There are 4 protein chains.
Amino acid sequence: MAGFGIYGLGRMGQAIARRLLRQGHEVHVYNRSPDPIALLAKEGAQSAASLADLVGQLEAPRCIWLMLPAGEATDQAILALADLLSPGDVLVDGGNSNWRDAHRRAMLLEQRGVAFLDVGTSGGVHGVERGFCLMVGGPDEAIDILDPVFDSLSPGRSQESGGPTPPNPNPARRPGFVRTGASGSGHFVKMVHNGIEYGMMQAIAEGFDLLAATATPATRASEKFDLKLDAIADAWRSSSVISSWLIDLAAAALNSDPKLSAFAGRIEDSGEGRWMLHDAIESNIPTPALASALFARIQSRRDNAFGNQLISAMRMGFGGHKEPPART
Amino acid sequence: MAGFGIYGLGRMGQAIARRLLRQGHEVHVYNRSPDPIALLAKEGAQSAASLADLVGQLEAPRCIWLMLPAGEATDQAILALADLLSPGDVLVDGGNSNWRDAHRRAMLLEQRGVAFLDVGTSGGVHGVERGFCLMVGGPDEAIDILDPVFDSLSPGRSQESGGPTPPNPNPARRPGFVRTGASGSGHFVKMVHNGIEYGMMQAIAEGFDLLAATATPATRASEKFDLKLDAIADAWRSSSVISSWLIDLAAAALNSDPKLSAFAGRIEDSGEGRWMLHDAIESNIPTPALASALFARIQSRRDNAFGNQLISAMRMGFGGHKEPPART
Amino acid sequence: MAGFGIYGLGRMGQAIARRLLRQGHEVHVYNRSPDPIALLAKEGAQSAASLADLVGQLEAPRCIWLMLPAGEATDQAILALADLLSPGDVLVDGGNSNWRDAHRRAMLLEQRGVAFLDVGTSGGVHGVERGFCLMVGGPDEAIDILDPVFDSLSPGRSQESGGPTPPNPNPARRPGFVRTGASGSGHFVKMVHNGIEYGMMQAIAEGFDLLAATATPATRASEKFDLKLDAIADAWRSSSVISSWLIDLAAAALNSDPKLSAFAGRIEDSGEGRWMLHDAIESNIPTPALASALFARIQSRRDNAFGNQLISAMRMGFGGHKEPPART
Amino acid sequence: MAGFGIYGLGRMGQAIARRLLRQGHEVHVYNRSPDPIALLAKEGAQSAASLADLVGQLEAPRCIWLMLPAGEATDQAILALADLLSPGDVLVDGGNSNWRDAHRRAMLLEQRGVAFLDVGTSGGVHGVERGFCLMVGGPDEAIDILDPVFDSLSPGRSQESGGPTPPNPNPARRPGFVRTGASGSGHFVKMVHNGIEYGMMQAIAEGFDLLAATATPATRASEKFDLKLDAIADAWRSSSVISSWLIDLAAAALNSDPKLSAFAGRIEDSGEGRWMLHDAIESNIPTPALASALFARIQSRRDNAFGNQLISAMRMGFGGHKEPPART
């Protein structure tokens, strides 16, 4: 790989750039708004003034890593770069794209001789230090070209989770990295990863919801325990069956503020959960925990549910039941 | 049956008394607060000044129908009546008691020679005109004594749901009435009835929730339909697969006010759904629709969910995601 | 309406034709396989030898009712009829089409001056006697042309569900019939109807599943009741809160065979549940009961679930738990 | 602590004994069947011939750790030991007891001057090397007596999960160890831990279920990917958001056999999930992911579901739908 550029410097794009810079890579960056470019330039990145400038700064074979919102923004960037890149170059979509878009995009670029990789990127903003888990779909030759980048972005041996479970059977298998196969498979596997993440977070939330209820004088006073949620979360981080990075993060948040007062509890979802639910049903796979997690997020953002009003109205209709008044 | 008394004149107790009065029965009534007694006295009931007075007004074999809140109130009444009633009398628990309480209560009364019937009573306040669906557990001889009452309370042939489905195979089977078997089975069957009711209401709520969302300019403007929920509900009342009394009630409510503005959407639950979920799990029967219905009701009454706050906190932890602010 | 034809004589197409014939309509019928044509000809229908013949037999304005499998079969028929029909004619899609297809089909036909109606048709094979519930989307003028057909197909006043709920506020509102609005809205409302049907059926199934478990010596012997499921279902048909056509059908099935031995319990789904779940999520409406019903059906058709094997493997991994062997 | 005994040498009891022996503790062991005693004697344990012998071998203050099946076995042991132990001794219930039993047991023992600790023990058979996560309820003075044991059983600093999340704020907080408060709180927190575990495992299962479906030629051939589930699981172990011990275990199982042929997919549940669901509903906390996980396990063990048969029967009733035949 002779030249490496990144287009899209949101939180994740910056994190990718930063980890590569710290590992000694030459990184060229471009973004629509200039502030993140300036920020990364101070950290050693080469700044580009336009997409054309970004391409122009790189030597062949050029590699450009897109880290943009899924959908239109990514499509527009691919269309623009299809005209700017040359045969032998590689374009990476590292964002949370729908895997169904990958095949079409790969076909478009293939006509220009440009290879396309769909890379599911997990690890969040902590990836700068912790490394990223990379799920890479697309042709092996293009992956080979980017091998030095994948080697630096992935976590390395030191970050493997420890414990007495058997080590990876193939010592040549790079931690936090997998070639998933044909175009689209990288984002497909990332979608499934995120679907699992939804279910895991919901499971953790339900547990702490019950702990919090039990810790509160309002419920079941006779059996009330004076539970310290931060201490419990800390204990679970080590050697428990549920020890996990998400429990680490829950513990960190609870240690900062056991009441989590900064969070209103209205949870966004970013698409992958919906896509996976849809794909699972098409494949005749029941995913009730995922559905539960998705519905809980949707419900958390609703102020009122017409369906609930109708249940109250039916209860009034058959039994004369009066429901409690609205929240004020 | 020589004398019939009712103790407990809430909405359902009044409805039972009223239907019996209209069908020419002599009905003696007692209640802790005097107003409902006076109300029913105007409609022809004999009023009692105390539980002892109620028992004293009746001739043997006495029949007393309890229509009290489940739990302690019913237990106290049964204890008091165990001392007042005589061998050969019949005590009916027509409320929404937990079926597990019936066996113990029947044993207690049996020691005094008093028979106990656990009667699941469905039909709501409309039962005055429409009749009640009665699920009766306990000894056949005691049920036989109360036959004239059950005959008047149950709906009669004219209320059978119509349509081309085969008529009841046994013409001797009384509509809206079933002898369920041993003590407790009447309330057990009523519990299952209510569990089905929870799931049906949730299903209807989800459908109208989507119709309401689609009827509103706020969502998916390009595909928005100008749906009239009241007209749709009316259409579904006749000949559709989902035609049902609950759809009748939904239609009535929507015709009164398509916005259901009087209802805040905070739904109570009265116990049977919880009991059935518990029993189903003990019997290794999955009941996901019932669980969904119960969770939706619980969630509708919560202002905040600590678990949701924790999901937001974890999302901030790994991805720096900022969630929307609290409701104001 | 001068001439009325039906293309597609499956169970529902035959039922539509039969009800219209019984009410004195002249009905022309066509089907790919000849047997149903011959059957209906004996009942008074005019048989057509081809789609062109069907159109040729009718006088303008022609009305053709399609009752075909959703998807390709319906699309092919519409394409063929677009060439055969004339301006002023009306084409009805009475099948279970996805509502998203209606707009495109209406546009295509509008170019030829042919009106398109998307009609959700509920009521099943019993509609011959009981009438059909019709949810009609499309232009009012075209609906007006078909008014005599809709009048005969819908149930009529006598089939309205009874009871003490308020009658339809607008006496001009025809029972079992609703004009839903723009193209696609008829099938949209039918999709929601079927989604509610899924949830209702799941709720009923869960209840009888528990009753059956309780009626069986295998579980919880001390609390076993000797429940008669057919008698219970019959009782619930009248005056209970869950009285409904589905309970009528459940009672009929249980009266035929309380063991339901003819049914293996592998349940198909026909699309609408999946579509509604998808649409609900797009509209940010949680539908957990529908999801439960859909997942239960999918699961009922699976012989093995890899995910369950993995849970067993993880349990073996952390706790050495040995699971029971496979079904034999 | 002068003397330490273990009663109950199942998989977990042996693991506890083994870790303590390896860390230099003197451990006395007893079990109903003699083989595990002999096994541990070879590893350095002192073997007891009876419960009385076990108690007799220890010096005051004696500590006995019970690792028995929840329920009757544990109750009988506590009753027997209440007579054998002396004031100042400590009895530990390290098994998966229902937290509601702890208060009663603590009261019983307190009358004899014996302290009772309810210790939730997580970590499985790997705890020998990895350490156990301990959730300890009961009086502080008794916990203090057992401090050397807890210190050896818990994982130690080296087993803390790594990564860039903030370290435990209180350096004095021992990893994998928490004092949860009053009697019962240790098992309560363990119950919640296991409930979270259920949900996490279900989330992982759903993800791999979809990966397996996609990896198989049977579904959606055009979009089929040739996914290597073992390699994907290995990649997720490092730096992904879902990195966790359960993913480690899933990876180990899939690397042993990507088909998991040894597992039939009939999953047991051991009580805690049911207890938590019950408690959550009592505390008005919705736990849909937990319910999903529990229902999936129950369903995995059923050969047939009467409710599903009834849905098929209703579908036949209204639409004449013929379902696929039974599994053969």
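In this predicted model, chain B and chain D meet through 19 residues of chain B and 19 residues of chain D. The area buried between these two chains is about 1600 Å², and carbon and sulfur atoms give 74% of that area. On the side of chain B, the residues that lose the most area to chain D are I281(B), P286(B) and F295(B), which together account for 38% of what that side buries. Between chain B and chain D there are 0 salt bridges, while 7 residue pairs are in polar contact, counting pairs with both residues at pLDDT 80 or more.

Two elements of chain B give two or more residues each to the side that touches chain D: helix 12, residues 272-282, and helix 13, residues 288-300. Helix 13 of chain B gives the most, with 6 residues. By residue type, this side of chain B divides into 11 nonpolar, 4 polar and 4 charged residues.

Chain B also meets chain C. Here 91 residues of chain C are in contact with 91 residues of chain B. The two chains bury about 7600 Å² between them, with 65% of it on carbon and sulfur atoms. In chain C, the residues that lose the most area to chain B are L210(C), S239(C) and V241(C), together 9% of what that side buries.

The count of salt bridges between chain C and chain B is 4. One of them joins R173(C) to D230(B), with the closest N and O atoms 3.7 Å apart. The cut-off for a salt bridge is 4 Å, so the pair R173(C) and D230(B) qualifies at 3.7 Å. There are also 21 residue pairs in polar contact between chain C and chain B, again with both residues at pLDDT 80 or more.

The elements of chain C that give two or more residues to the side touching chain B include strand 7 (133-137), strand 8 (177-181), helix 9 (185-214) and helix 10 (229-236). Helix 12 (272-282) and helix 13 (288-300) of chain C are also among them. Helix 9 of chain C gives the most to this side, with 20 residues. The residues of chain C that touch chain B divide into 44 nonpolar, 30 polar and 17 charged.

The next subject is the strands. In chain A, 8 strands form an open sheet with mixed pairing, in the order 3-2-1-4-5-6-7-8. Strand 3 (46-47) and strand 8 (177-181) of chain A are the edge strands, each pairing on one side only. Strands of a sheet pair through backbone hydrogen bonds, either parallel or antiparallel. Within the sheet of chain A, strand 1 (residues 3-7) and strand 2 (residues 28-30) run parallel and are joined by 3 bridges. One position in this pairing is G5(A), whose bridge partner in strand 2 of chain A is H28(A).

Strand 4 of chain B has two pairings to follow. With strand 1 (residues 3-7) of chain B it pairs in the parallel sense over 5 bridges, and in that pairing F4(B) stands opposite C63(B). Strand 4 and strand 5 (residues 90-93) of chain B also run parallel, joined by 4 bridges. C63(B) stands opposite V90(B) in strand 5.

Two loop residues of chain B complete the picture. S238(B) sits in the loop between helix 10 (229-236) and helix 11 (245-256) of chain B. S238(B) counts as buried because its relative accessible area is 2%, and the cut-off is under 20%. The C-alpha atoms of S238(B) and D248(B) are 9.3 Å apart, and the two residues are 10 residues apart in sequence.

L260(B) lies in the loop between helix 11 and helix 12 of chain B. L260(B) is also buried, with a relative accessible area of 2%. Leaving aside neighbours within four places in sequence, L260(B) is in contact with A253(B) and L254(B) of chain B and with F306(A), Q309(A), L310(A) and A313(A) of chain A.

Technical notes. Residues are numbered from 1 along each chain as its sequence is written. Chains are lettered from A and ligands numbered from 1 in the order in which they are written. This is a predicted model: local features need pLDDT of at least 70, side-chain atom pairs count only at pLDDT 80 or more; totals for chains, interfaces and linings use all residues. Side-chain values use heavy atoms; hydrogens and water are left out. Contact means heavy atoms within 4.5 Å. Buried area is the accessible area (1.4 Å probe) that two parts lose on being put together, summed over both. A salt bridge is a side-chain nitrogen of Lys or Arg within 4 Å of a carboxyl oxygen of Asp or Glu. A polar contact is a pair of N or O atoms within 3.5 Å; within protein, one must be able to donate a hydrogen and the other to accept it, and residues adjacent in sequence count only if both atoms are side-chain atoms. Ala, Val, Leu, Ile, Met, Phe, Trp, Tyr, Cys and Pro count as nonpolar, Asp, Glu, Lys and Arg as charged, and the others, Gly among them, as polar. Two strands pair if DSSP finds at least two bridges between them. Buried means under 20% relative accessible area, exposed over 50%, partly exposed in between (1.4 Å probe, protein chains only).
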